[in-house]
Amino acid sequence: MNKNEIYETAKNMAVEQVLNMYCSKDDPNRPALKQLLENLLDCFMLSERAVYLAKNDNDKGNGFYDRKLATPVGSLEISVPRTRTGNFRPSILPDRYKRVDSSYTDLLMSLVVNGYSESSLVQTLKALNLPYSENEILKIKEDLKNELQLFKQRELPTSTFALIIDGYHCEVKDNSKVKQATCYVVLGIDLEGKKDIFGIYTFFGKENKADWMKVFDDLITRGLKEVLIVISDDFPGIIDAVKLAYPLADHQLCFVHLQRNVRKHMTKEDASAFNKSLDRLRISSSDFDEAVLKFKELCNGYLSKYPRFIKAISEKAEFYLAHMKYPEELRKHIYTTNAVESVNSMIEKIRVNSGGYFQSVEVLEINIYLQRENLRRTKWKNGVPSIRKCINNITQLYNLRYKLETQNS
């Protein structure tokens with residue numbers, strides 16, 4: 001093995017080790033760590049330029065240039081802001097030609113994990129040797145916080161195809177105490193198939209119906225009046241909450257959660273047979289009515305052995321199979337809450353790495369906001385192709401549901 005091969009092997013091992021600190025080897029969201037740091041640097045450099053321009057009236061912003069920054073988590077593709085005079089260079093960037101080691105990456109990660117509390121942010125930025133006063137550093141912090149607030153208050157579209165909702169449970173520091181909290185995450189898919197996070201809401205305490213109603217009230221206040229389908233897990237009270245907020249919307253209870261509950265409440269042998277039958281009926285049924293009929297027939301075969309559990313799921317057949325009302329190409333996108341849970345999974349990795357809890361509500365929500373920015377630039381940029389192909393079907397369903405209701409009222 002020559003020197004180049006030894007170097008490449010060592011480099012790959014180092015990258016793998018750093019990645020494993022934040023994401024498991026099989027985690028499909030591993031690339032999100034690189035994107036998270038890219039977005040963090042982009043936002044931070046913009047704030048740095050704003051501080052510089054405030055002190056240099058004779059200079060003005062002049063676009064960006066692309067740069068690749070080699071780090072132990074991979075090559076970061078960043079957009080570096082510049083000015084007309086060329087005298088500005090973001091101080092958060094390492095010196096030119098200086099090799100970036102894991103300590104620089106760790107400092108960036110500490111910005112993400114801990115950096116939004118007053119003391120932690122200042123300490124971390126000072127460790128990067130930025131040539132700014134404490135007040136200017138706090139202004140950079142405020143810029144990041146303001147971005148989050150603008151995101152949370154922005155106007156939403158009047159109508160959307162789907163809302164995929166989930167409660168992320170964690171511990172958050174509040175003053176000097178670490179408390180249980182729930183972050184309510186709302187992922188939307190619009191009528192053209194594009195995904196976006198419509199809202200993030202953090203409340204201390206356990207997940208509950210009253211807080212979900214606050215979430216829906218805010219979505220409606222910000223303009224979202226009409227939804228075709230809402231996808232959620234079977235949280236107690238969520239069916240009533242969705243019905244109150246969006247009475248004309250279909251409501252899909254997560255099919256994957258149903259199958260998990262089957263494994264919890266049945267013997268291993270019965271659960272395996274039941275879940276295989278569930279998969280078959282979902283694939284083989286031609287429409288919603290046929291699927292519901294087959295589901296209830298399947299449940300009847302297990303009623304005597306598991307009366308309480310089977311009765312409970314049988315009564316909700318229409319909710320577990322609501323996705324069957326839609327064209328086959330759309331069903332795989334709306335039968336489970338996996339899409340929003342994948343967003344939460346990366347946040348969970350950051351929580352674990354930060355010592356088991358978030359330093360504040362801001363820390364938690366800015367992490368989710370940065371994930372949203374990354375996804376909009378990458379995986380969500382062009383929408384979901386199979387959904388875009390069904391735009392006419394979605395529009396037709398929407399018009400039948402809402403335009404007809406308007407005419408009748």
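I note here that the model is a predicted one.

**Entry 1: S285**

I next looked up where S285 sits: it belongs to the loop between α9 (268–284) and α10 (288–300). Is S285 buried or exposed? Its relative accessibility is 4%. Buried means under 20% relative accessible area, so S285 counts as buried. I then listed its contacts, leaving out residues up to four places away in sequence: S285 touches E290, A291, K294, M324 and R331.

**Entry 2: D42**

I turned to D42, which lies in helix α2 (residues 31–55). With a relative accessible area of 15%, D42 is buried, because the cut-off for that term is under 20%. Which backbone atom did I find 3.0 Å from a polar atom of the D42 side chain? The backbone nitrogen of S79 is at that distance.

I traced an open sheet of 5 strands and wrote down its order as β5-β4-β3-β6-β7; the pairing is mixed. Its edge strands are β5 and β7 (250–253), each of which pairs on one side only. On average, neighbouring strands of the sheet are turned by 25° against each other, direction ignored.

**Entry 3: β4 and β5**

I examined the pair at the β5 edge of the sheet. Strand β4 (residues 177–189) runs antiparallel to β5, and 9 bridges join the two. I looked up two facing pairs: A181 stands opposite F204 in β5, and C183 stands opposite T202 in β5. How many residues lie between β4 and β5 in their hairpin? There are 5 residues between them, and in the turn G193 has a positive phi of about 90°.

I also checked how covered β5 (residues 195–204) is: 7 of its 10 residues are buried, so I recorded the strand as mostly covered, the term buried meaning under 20% relative accessible area.

**Entry 4: Helices on the sheet**

I searched for helices against these strands. Helix α6 (residues 209–221) lies across β3 (159–174), β4 and β5, and runs at about 140° to β5. Helix α15 (residues 361–377) packs on the sheet and touches β3, β4 and β5. The direction of α15 makes about 175° with that of β5.

Definitions and conventions: Residues numbered from 1 in each chain as written. Predicted model: local features only at pLDDT ≥ 70, side-chain atom pairs only at ≥ 80, totals over all residues. Heavy atoms only, no water. Buried < 20%, exposed > 50% of the residue type's maximum accessible area, 1.4 Å probe, protein only. Helix = DSSP H or I, 4+ residues; strand = E, 2+ residues; numbered from the N terminus. Pairing = 2+ DSSP bridges. Contact = heavy atoms within 4.5 Å. Axes fitted to C-alpha atoms, helices over the stretch in contact; angles between N-to-C directions. Polar contact = N/O pair within 3.5 Å; in protein donor to acceptor, adjacent residues only side chain to side chain.
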